[in-house]
Amino acid sequence: MKKQTAAIHTKYDRADAYGALAVPIYNNVSFEFADAQQMSDVFCNRVKAPDYARIANPTVTNFEQRVRALTGASHVTAFCSGMAAISNALLAVVEQGKNIVTSRHLFGNTLALISGTLLRLGVKPRLRDLTDLEAVEKAIDEQTACVFLEIVTNPQLEVADLQALAAIAHSKGVPLIVDSTVIPFTETSLHELGVDVEVVSSTKYLSGGGTSLGGLVIDYGTFPAINQRIKYDLLINLGAYMSPQTAYMQTLGLETLDVRYQRQASNALALAEVLREIKGIERVNYIGLPENPFHELAVRQFGPTAGAMLTIDLASRDDCFRFLNNLKLIHRATNLFDSRTLAIHPASTIFGLFPERQLVQMDVRQTTIRLSVGLEAVDDLLADIENALKNI
């Protein structure tokens, strides 16, 4: 089956008692066993069945199975947020004294996790330019736990060569773990480029309109210890499993992901093409534009679509604030890939607690507005942007 068909028709391994086409929400905690031996077999992983809803739930398992069918992954684990997915993926490979080779060009909380939370636990960040392959190779040593990056950075929209990074990491026996949220896994096969583990904020495209928080760890099984650590240590002991209500909503979102994404990506490209000609906009950054320095690499890695995130730069921070205040249709809100178009000033919000010196190092500009493009008519979005620019 093609991916858009598999998203809808991948069967759950147990038929519903009433023949429901959509797997119901199993909104319960406990599951009864036929006898003591079956209970022991399930708890000790000799038989595959749910034992306790903090660890396994039929509604969540169905969601995980559909994602596995779409990605070809060996294992998929669903978490309560994208940050929970990132945290669990990294905790599966690190220990005291280890280091993570990564970039300063990371989402604010991800950078804070690696440079703050994990550093307090004795795990050191090695922040490098991941587009400089020589620097990456020099940074990896016997204590390196993984190379980690976002496939399209937020909000810088930097793209690194995944195949080259994978070759370097694997030559040193190190996994390549990526946050692939910006381009859906229905659009590309990152494992073919050498990626070992993907983490995804399913809050974004999958939720289908900002309905629910969730995250996924998509493990291709090339480093088996990672899934073992997640399933039999972190999932049990940290308690960050996805809720059945979220899994139900995001399964519905998965079924319409392809059609929604294609519209959002085409809207983003159309908007970017027009915005670069509009007076008052100093710069448009979108990897779908042919003049973008990462365009050729992005097409090779991700295919013809370039996601639904772009940025514009205005003359000053004050102009950015006035622009945001003048918007009537586009929402002033954080999140990505909602059905609605959203705008935010990253430097004063997502990165608002970082000192200016660090913002410069991360290439987070005071003049940048991030747009997450939704499903609206492009003409309506353009009219709102033009009107907001007139009054700054």
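View 1. Just after H5, Gly 122 adopts a positive phi of about 95 degrees. Helices here are DSSP runs of H or I with at least four residues, strands are runs of E with at least two, and both are numbered from the N terminus. The model is predicted: local features need pLDDT of at least 70, side-chain atom pairs count only at pLDDT 80 or more, and totals for chains, interfaces and linings use all residues. Residues are numbered from 1 along each chain as its sequence is written, and side-chain values use heavy atoms, leaving out hydrogens and water.

**View 2. Helix H5 is kinked at Ile 114.** H5 covers residues 108–120. Its 13 residues should span 18 Å at 1.5 Å a residue, and the end C-alpha atoms are 17 Å apart, which agrees. The expected span is 1.5 Å times one less than the number of residues. The kink is about 30 degrees. The bend at a residue is the angle between axes fitted to the seven residues ending there and the seven starting there.

**View 3. Several H5 residues are buried.** They are Gly 108, Thr 110, Leu 111, Leu 113, Ile 114, Gly 116 and Leu 118. Buried means under 20% relative accessible area, exposed over 50%, and partly exposed in between (1.4 Å probe, protein chains only). Their cover includes helix H4 (82–91) and helix H13 (356–361). Strands S2 (99–102), S3 (124–127) and S4 (144–150) also contribute. Contact means heavy atoms within 4.5 Å.

**View 4. Arg 126 and Asp 141 form a salt bridge.** The N to O distance is 2.8 Å. Arg 126 lies in S3 and Asp 141 in the loop between helix H6 (133–139) and S4, so the pair ties together parts 15 residues apart in sequence. Arg 126 is partly exposed at 25%. Asp 141 is partly exposed at 24%. The structure holds 11 salt bridges, each a side-chain nitrogen of Lys or Arg within 4 Å of a carboxyl oxygen of Asp or Glu.

**View 5. Arg 276 pairs with Glu 291 in a salt bridge.** Their closest N and O atoms are 2.6 Å apart. Arg 276 sits in the loop between helix H10 (257–275) and strand S8 (283–285), and Glu 291 in the loop between S8 and helix H11 (295–302). Arg 276 is partly exposed, at 35% relative accessible area.

**View 6. Asp 313 and Arg 283 form a salt bridge.** The closest N and O atoms are 3.3 Å apart. Asp 313 is buried at 3%, while Arg 283 is partly exposed at 30%.
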